[in-house]
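Subject: Structure handover

Hello,

Here is the structure you asked to look at. My notes follow below it.

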Amino acid sequence: MEERIVIIGAGQAGAQAVATLRAEGFAGAITMVGDEAYAPYQRPPLSKTYLMGTMDRDRLFLKPDAFYTEAKCELMLGATAASIDRTAKTVALSDGRALGYDKLLIATGTRVRKIKVPGAELAGIHYLRSIADVDELRPAFKTVKNLVIVGAGYIGLEVAAVARKYDLNVTVLEAMDRVMARSASKPVSEFYERVHREAGVVFHLNTGVEGFEGSDKLTGVRAGGKTFSADIALVGIGVIPNCEIAEAAGLKCGDGVYVDKTCTTEDPAIFAAGDCTRHHGRNGDLIRLESVQNAIDQAKHAALAMVGKPTPYNEVPWFWSDQYDLKLQIAGLAKPGDQIVLRGDPGLRKFAVFHLRDGAVVAVEAVNAAPEYLIGRKLIADGATVAPERLADLTVPMKNIV
Amino acid sequence: MPKIKYVEHNGKEHDVDVPEGWTVMEGAVKNLIPGIDADCGGACACATCHVYVDAAFLDKLPPKSDMEETMLDFAQELEPNSRLSCQIKVTPELDGLTVRTPKSQH
């Protein structure tokens with residue numbers, strides 16, 4: 001009988017897996033199950049150009065419909081995978097249907113973390129993860145005046161930048177002592193906080209939300225003993241990996257589905273890729289990444305493993321964020337305790353922060369600084385050692401840094 | 001709609017109508033033209049949508065930003081007519097543009 005691959009999740013990783021499976025000559029059947037109404041689409045523009053209204057929905061899709069037809073990939077959209085039977089090798093859908101598989105890819109991604117405080121169910125409180133979320137948020141931006149953003153991470157700050165262009169009053173409440181505290185170094189956090197303040201965004205740091213106020217719809221956000229007037233709120237406090245289905249099937253999970261270097265789970269017939277996985281990073285640390293790069297690269301490696309060509313995943317992680325006229329590009333993973341080297345002047349809106357561990361470059365955060373980012377990425381891949389004074393010296397071009 | 005001709009590394013040609021306002025990269029991706037990966041989806045963050053632009057059109061293109069210039073510096077097999085296709089917005093002036101894809105984007 002024809003070999004059958006089932007992919008749970010119709011996102012960046014799922015779409016890439018289909019492409020790689022066919023490019024590698026997989027001739028069997030492929031079925032992709034997605035719980036949203038849409039074929040795989042790009043999420044990064046959602047909080048940027050799609051929210052701004054400068055990018056149409058049509059342009060978000062990763063592949064045209066013809067791709068799935070040509071790849072003979074059956075798309076089951078608006079369908080939720082409920083459970084996996086590893087003995088029978090079937091996936092049960094919540095509507096009662098069951099799909100048999102020879103190999104299974106779990107690419108279920110993440111869902112937003114919901115805030116659990118009084119009033120959290122009031123109308124006017126938004127999250128941002130999907131097309132549907134933005135389709136609700138964008139019209140609201142055109143009619144309201146006061147937006148309170150809960151959480152100063154990428155989503156919160158990217159939405160703040162767009163909301164200022166809509167001329168909304170934007171207040172950002174953040175429980176930590178700086179913006180992007182989870183992902184950025186202190187100099188980068190300070191820079192972005194300043195840029196947003198200059199654009200008119202009001203920040204309250206070290207300010208945890210205590211509750212939302214309003215009778216039928218939101219009127220205010222209570223935090224730090226004060227009430228901030230709010231017509232709408234956007235909550236961006238992180239995401240949770242969708243790994244319950246794997247866990248219920250007895251696969252090892254813990255903030256993500258555990259996979260080895262070839263993106264294979266404990267079950268040799270089950271693979272996982274993207275935001276929903278936990279894997280050993282380049283330095284051996286157990287990590288879970290939330291990024292386009294990881295989704296694409298893990299999906300490629302999972303597909304290779306599925307067609308019997310397992311290869312270890314060792315790519316340097318990379319990320320980006322667009323806010324105002326600034327492009328932040330990050331490569332590698334920093335850790336507390338790394339030596340930090342600043343190259344360039346944040347005041348000129350063009351600089352980079354390098355992270356060194358035992359003398360070797362392990363991460364770079366570059367703001368409008370492509371050479372630093374690109375060469376930094378290569379230095380990280382090579383495990384290169386560079387003297388901090390040299391990295392900090394703008395008279396040494398990045399090309400000649402080693 | 002402006003017509004763009006995509007020529008694969010092996011010489012295979014694809015004539016495609018690309019809506020104004022889209023990028024040359026999007027025209028390729030949405031029409032399944034092989035050879036343009038565009039991992040980042042057009043954010044000028046990955047340099048995997050490198051193309052060679054027909055010399056006759058070089059002057060009609062928007063100038064390269066610093067970001068594109070640097071990203072290209074790291075592309076394989078860079079040529080004077082190399083561009084990142086995600087940075088070229090399709091306009092009526094670009095009707096008839098020919099771009100060629102390189103051997104590899106990585």
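Is A:Ile7 buried or exposed, and how many other C-beta atoms are within 10 Å? A:Ile7 is buried, because 35 other C-beta atoms are within 10 Å. The cut-offs behind that word are these: a residue is buried if 20 or more other C-beta atoms lie within 10 Å of its own, exposed if 12 or fewer, and partly exposed in between, with C-beta atoms placed from the backbone.

Before the rest, some conventions. This is a predicted model, in which local features need pLDDT of at least 70 and side-chain atom pairs count only at pLDDT 80 or more, while totals for chains, interfaces and linings use all residues. Residues are numbered from 1 along each chain as its sequence is written, and chains are lettered from A and ligands numbered from 1 in the order in which they are written.

Around A:Ile7

A:Ile7 sits in strand 1 (residues 4-8) of chain A. Helices (H or I, at least four residues) and strands (E, at least two) are DSSP runs, numbered from the N terminus. Leaving out residues up to four places away in sequence, A:Ile7 touches A:Gly14, A:Ala17, A:Ile30, A:Met32, A:Val33, A:Leu105 and A:Ala107. Contact here is defined by C-beta atoms, placed from the backbone, that lie within 7 Å. A:Leu105 is 98 residues from A:Ile7 along the chain, yet their C-alpha atoms are separated by 4.7 Å.

The parallel sheet

Strand 1 of chain A pairs with strand 7 (residues 103-106) of chain A in the parallel sense, over four bridges. Two strands count as paired if DSSP finds at least two bridges between them. Within this pair, A:Val6 stands opposite A:Leu104 in strand 7 of chain A. Both strands belong to an open sheet of five strands in chain A, with the order 3-2-1-7-19 and parallel pairing. Its edge strands, each pairing on one side only, are strand 3 (73-77) and strand 19 (270-272) of chain A. On average, neighbouring strands of this sheet are turned by 20° against each other, direction ignored.

Two helices lie across this sheet. Helix 1 (residues 12-23) of chain A lies across strands 1, 2 (29-34), 3 and 7 of chain A, at about 175° to strand 2. Helix 8 of chain A lies across strands 1, 7 and 19 of chain A, and runs at about 165° to strand 19. For these angles, axes are lines fitted to C-alpha atoms, for helices over the stretch in contact, and angles run from 0 to 180 degrees between N-to-C directions.

The nonpolar core

The largest nonpolar core has 161 residues, and those that touch the most other members are A:Ala17, A:Leu105, A:Ala107, A:Ala233, A:Ala272, A:Ala273 and A:Ala302. Helix 8 of chain A supplies the largest share of this core, nine residues. Such a core is a set of buried Ala, Val, Leu, Ile, Met, Phe, Trp, Tyr and Cys residues joined through C-beta atoms within 7 Å.

In chain A, three strands form an open sheet in the order 4-5-6, with antiparallel pairing. Strand 4 (81-85) and strand 6 (98-100) of chain A are the edge strands. Four bridges join strand 4 to strand 5 (residues 90-93) of chain A, and A:Ala81 has A:Leu93 as its bridge partner in strand 5.

The two chains

Chain A has 10 helices and 26 strands. Its radius of gyration is 22 Å, close to the 21 Å that the globule rule gives for 402 residues, so chain A is as compact as a globular protein of that length. The radius is taken over C-alpha atoms, and the rule is 2.2 Å times the number of residues to the power 0.38. Buried residues make up 49% of chain A.

Chain B has two helices and five strands, which run β-β-α-β-α-β-β from the N terminus on. Buried residues make up 44% of its 106 residues.

Where the chains meet, 17 residues of chain A are in contact with 14 residues of chain B. On the chain A side, elements that each supply at least two residues include helix 8 (292-306) and helix 9 (370-382). By class, that side has 11 nonpolar, two polar and four charged residues. Here Ala, Val, Leu, Ile, Met, Phe, Trp, Tyr, Cys and Pro count as nonpolar, Asp, Glu, Lys and Arg as charged, and the others, Gly among them, as polar.

Regards
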